[in-house]
Amino acid sequence: MNLSNLAYFVDVVQAGSISGAARKRFTSQQAVSDQIRRIEKHFQLPLLNRTTPITLTPTGQLVFHSAQRVLEEMAQLEAQVERLRTPSAEQLVISTGLADTPPFLSKVIAEFQALMPECQVTVIQPASSSGELKSPPPEADLLVGNLPFAEDVEFVELFRDPVCIVVAESLLRETFGTQWQEVDSALQQGRGYEALNELPFLFVQGLEWQRDKFPYGKASPLPNGGSMPQLMCRDGRCAMVYPVQFARTTLKDDPQLHIYPYEDPALHYRVGVGYRRGTALSQAGVLFMQAAQAYFQAKTQKNPA
């Protein structure tokens, strides 16, 4: 048995059929079946129930989960070795946790390259906005994204920001009628939050679900799997939960948007930079993490909350 056998086995499970794995591999069904038989011969137990779609036996479930880990670790090893083949120029590959690049990242990279100008920095992003990375992909040295990361990721927290609630004035008027100014005044003073539950599409009832999931001010994920554009609240049909600093700097000049404090110490927008535990971090990786920390420390001292 070898890694190729395991890779074929994982393909069959993920495709749900031998024919599906064969199409992915551009090979025959017989070739895929031969690979599966080699693994079953090695373990001397069946791994698959030949149903439609194919299902796993108890042994198959164990082998499948272990095979995924082995193949992932091998991919990481190969990516690290590949970077060592070209030592002439220092390289640093940074993955963002979300499909949108954090607005601060270019500034941190500029600070880093002032210290290490010979280093080539590449930023990669997830292929889909629906997923959020919690571990660096095999081809990346570092991950910059929302905390918490996966348990096997060593990280430093760059900054944390309490949240606020942003509501369009038109929505307040529509919902509360002649009493909207009283509601507005109470919310500005940090009172009357129960009134917010009357607003449509508001996340107050789902804040527990939102914990540690605030993206970089670009969009907020919905429990139903959709997403809400950055300033949809302008049309008066919804309200949003935002990090305070983002709201203060980006939304403050719009008189139609009302920003209210939300005092909950357990709710923070948290961002960090990390690397997979056990990875030999390069000098560039160490220096970037230090530069990122220094950047946000200086920013905090300049603009205290």
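Helices (H or I, at least four residues) and strands (E, at least two) are DSSP runs, numbered from the N terminus. By this definition, the protein has ten helices and eleven strands, and Asp152 is found in the loop between E5 and E6. The model is predicted: local features need pLDDT of at least 70, side-chain atom pairs count only at pLDDT 80 or more, and totals for chains, interfaces and linings use all residues. Residues are numbered from 1 along each chain as its sequence is written, and side-chain values use heavy atoms, with hydrogens and water left out.

**Overall features**

- Of the 305 residues of the protein, 43% count as buried; buried means under 20% relative accessible area, exposed over 50%, and partly exposed in between, with a 1.4 Å probe and protein chains only.
- The accessible surface of the protein is about 16,500 Å², and 52% of it belongs to carbon and sulfur atoms; the areas come from the Shrake-Rupley method with a 1.4 Å probe, and for residues only the protein chains shown count as cover.
- Among contacts (heavy atoms within 4.5 Å) with a separation of 6 or more, 71% involve residues 24 or more positions apart.

**Nonpolar cores**

- A nonpolar core is a set of buried Ala, Val, Leu, Ile, Met, Phe, Trp, Tyr and Cys residues joined through side-chain atoms within 4.5 Å.
- The largest such core has 25 residues, of which Val166, Val167, Phe176 and Tyr242 touch the most other members.
- At least two residues of this core come from each of strand E6 (153-168), helix H6 (169-176), helix H7 (180-188), strand E9 (239-243), helix H9 (244-251) and strand E10 (257-261); E6 gives the most, with six residues.
- A second, separate core of 24 residues includes Leu105, Met116, Val273 and Met289.

**Helix H6**

- Glu169, Leu171, Leu172 and Phe176 are the buried residues of H6.
- These residues lie on the same side of H6, because they cover an arc of only 160° around the axis; the arc is that of the directions from the helix axis to the C-beta atoms.
- Gly177, whose phi is positive, near 60°, follows H6.

**Strand E3 and its partners**

- Strand E3 (residues 91-96) is largely enclosed by the rest of the structure, because five of its six residues are buried.
- E3 runs parallel to strand E4 (residues 120-124), to which five bridges join it; two strands pair if DSSP finds at least two bridges between them.
- Three bridges join E3 to strand E5 (residues 142-146), also in a parallel arrangement.
- Ser95 has Ile124 as its bridge partner in E4 and stands opposite Leu143 in E5.

**Aromatic pairs**

- The structure holds six aromatic pairs; rings of Phe, Tyr and Trp (its six-membered ring) pair if their centres lie within 6.5 Å, and planes under 30 degrees apart count as stacked, over 60 as edge-to-face and the rest as tilted.
- Phe104 and Phe296 form an edge-to-face pair, 5.1 Å centre to centre with 80° between the planes.
- This pair links distant parts of the chain, 192 residues apart: Phe104 is in the loop between E3 and helix H5 (105-115), and Phe296 is in helix H10 (residues 283-302).
- Tyr295 and Phe296 also form an edge-to-face pair, at 5.0 Å and 85°.
- Phe104, Phe159, Tyr295 and Phe296 form one aromatic cluster.

**Surroundings of Asp152**

- Asp152 is partly exposed, with a relative accessible area of 30%.
- Not counting residues up to four places away in sequence, Asp152 touches Ser135, Tyr275, Arg276 and Arg277.
- Asp152 and Gly278 are 126 residues apart in sequence and 8.6 Å apart in space, C-alpha to C-alpha.
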